[in-house]
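User: Could you take a close look at one part of this model for me, a pair of packed helices and what follows them? I'd like a connected picture that I can check against the coordinates.

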Amino acid sequence: MGKQSLARAIAELLPVARITKQTEFVEILKSHKESAQPTIDLLAAVQTIDAHNAITEIYNFNGDDDVELLEQYLQSLAVGTHPERAIIEDLFTRLQTTNENEKITNAKLQDSVIQTIAALTRQSGFDPNDTLLQKIRHYLLDNLSEKCTEIDCKVLYIRALQNLQDVSTLQTLFDSALNGAAAESVAALQALKSFSIVNFNEKQRSSLAEIFYQTKRKFDTSARVIALEILLALKPTKEQLCELLLYLNSNDQYFEVKTFVIQKLRMLADKCPRFRALLKSCLAELPEVNNYHVIGQKGLTTVLSRQISQTPAFNETLLSTQEISQGVLKRGTVELLLGAGKDEFSSFKASHLTS
């Protein structure tokens with residue numbers, strides 16, 4: 001069965017599956033052990049505690065035998081839009097248990113559980129004072145700040161904060177972006193980029209500028225270009241845009257970063273008449289920048305945008321960013337953006353990072 005056919009079949013079964021009891025789901029799973037994948041996707045889509053309990057009754061979180069199937073379940077569950085609270089509570093309890101017979105011992109599975117809990121909590125839209133949200137937020141922040149000693153561990157919990165997207169964690173992410181090692185800083189900025197720009201204040205804008213312009217210390221080039229993307233999303237003033245253009249004429253030897261700036265500005269100018277007029281006005285006042293020597297940077301970094309569909313309701317744009325360092329691909333992303341009016345959000349993103 002193809003993916004589209006499978007999706008249609010699951011959609012047709014959902015109304016019935018949402019009133020199905022745990023015992024019935026268990027029997028279905030037992031009778032389809034040889035072809036469990038479609039059934040697991042169905043139970044993940046159902047998002048009821050009965051479906052979840054059937055999964056936990058059949059598959060064991062403690063050990064390595066069922067990791068692949070549990071990973072599939074969690075990945076499908078994480079994209080759900082209306083999970084029952086009891087599912088989040090159960091996964092969170094499993095994550096914290098000290099019982100040796102119930103602990104999640106597989107590191108990859110534990111990572112998936114953490115990311116799924118964070119994503120489901122965000123999608124549940126809990127009140128900021130909700131006790132479950134507070135407990136999950138505290139757990140993630142405590143592990144990041146107090147218990148993690150290795151960079152990989154810090155990145156794991158930063159990714160969870162990205163999935164949680166709780167505005168009360170913004171300062172923690174900024175601290176990691178400003179003070180962390182390269183991988184931690186890049187991960188924190190990726191997390192910050194996932195938040196709506198309405199959540200950022202002027203102090204935080206200044207912190208992003210500090211990263212891009214490296215006013216206090218050196219930053220990884222990936223951190224700098226992500227910081228720039230957020231700064232541009234914040235709709236710079238004429239003064240801020242002119243400052244960015246003057247950077248192109250600076251002594252900074254990272255020509256790939258300068259190339260990224262030029263291509264990003266051109267792309268935004270093509271999309272937005274207001275920004276195009278602002279850019280034109282700045283360039284008219286900066287002849288030391290508006291010349292081939294500066295604008296004609298010879299870096300290999302590319303930022304490409306192509307509209308793939310347009311309807312009265314929304315349009316789809318494919319955005320590709322290939323960041324080059326010393327002639328080698330350092331970071332590549334392909335993103336599908338959905339736009340409606342002035343609003344735009346990412347519906348799909350694939351990334352590749354070369355260490």
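**A helix pair and the cysteines**

Analyst: Happy to. Helix H7 passes helix H8 in a left-handed crossing. Please keep in mind that this is a predicted model. Two packed helices are described by the angle between their axes and the distance between the axes. Here H7 covers residues 107-124 and H8 covers residues 131-147, and they pack at an angle of about 140 degrees with their axes 11 Å apart. Angles over 145 degrees would count as roughly antiparallel, so H7 and H8 are oblique to each other.

Sorted by class, the contact of H7 with H8 has six nonpolar residues, one polar residue and no charged ones.

Now to the cysteines. Cys148 is joined to Cys153 by a disulfide, with an S to S distance of 1.9 Å. A pair of cysteine sulfur atoms within 2.5 Å is taken as a disulfide, and by this rule the count comes to one. The link of Cys148 and Cys153 is left-handed, with -55 degrees about the S-S bond.

The two partners can also be described by their accessibility. Cys148 has 6% relative accessibility, so this residue counts as buried, whereas Cys153 is partly exposed, with a relative accessible area of 25%. Two further cysteines can be described in the same terms: Cys272 is partly exposed at 29% relative accessibility, and Cys282 is buried, with a relative accessible area of 0%. The cut-off at work here is 20%, under which a residue is buried.

Definitions and conventions:
Residues are numbered from 1 along each chain as its sequence is written. This is a predicted model: local features need pLDDT of at least 70, side-chain atom pairs count only at pLDDT 80 or more; totals for chains, interfaces and linings use all residues. Side-chain values use heavy atoms; hydrogens and water are left out. Axes are lines fitted to C-alpha atoms, for helices over the stretch in contact, and angles run from 0 to 180 degrees between N-to-C directions. Helices (H or I, at least four residues) and strands (E, at least two) are DSSP runs, numbered from the N terminus. Angles under 35 degrees count as roughly parallel, over 145 as roughly antiparallel, 65 to 115 as roughly perpendicular and the rest as oblique. A crossing is left-handed if the near helix is turned anticlockwise from the far one by less than a right angle, and right-handed if clockwise. Ala, Val, Leu, Ile, Met, Phe, Trp, Tyr, Cys and Pro count as nonpolar, Asp, Glu, Lys and Arg as charged, and the others, Gly among them, as polar. Buried means under 20% relative accessible area, exposed over 50%, partly exposed in between (1.4 Å probe, protein chains only).
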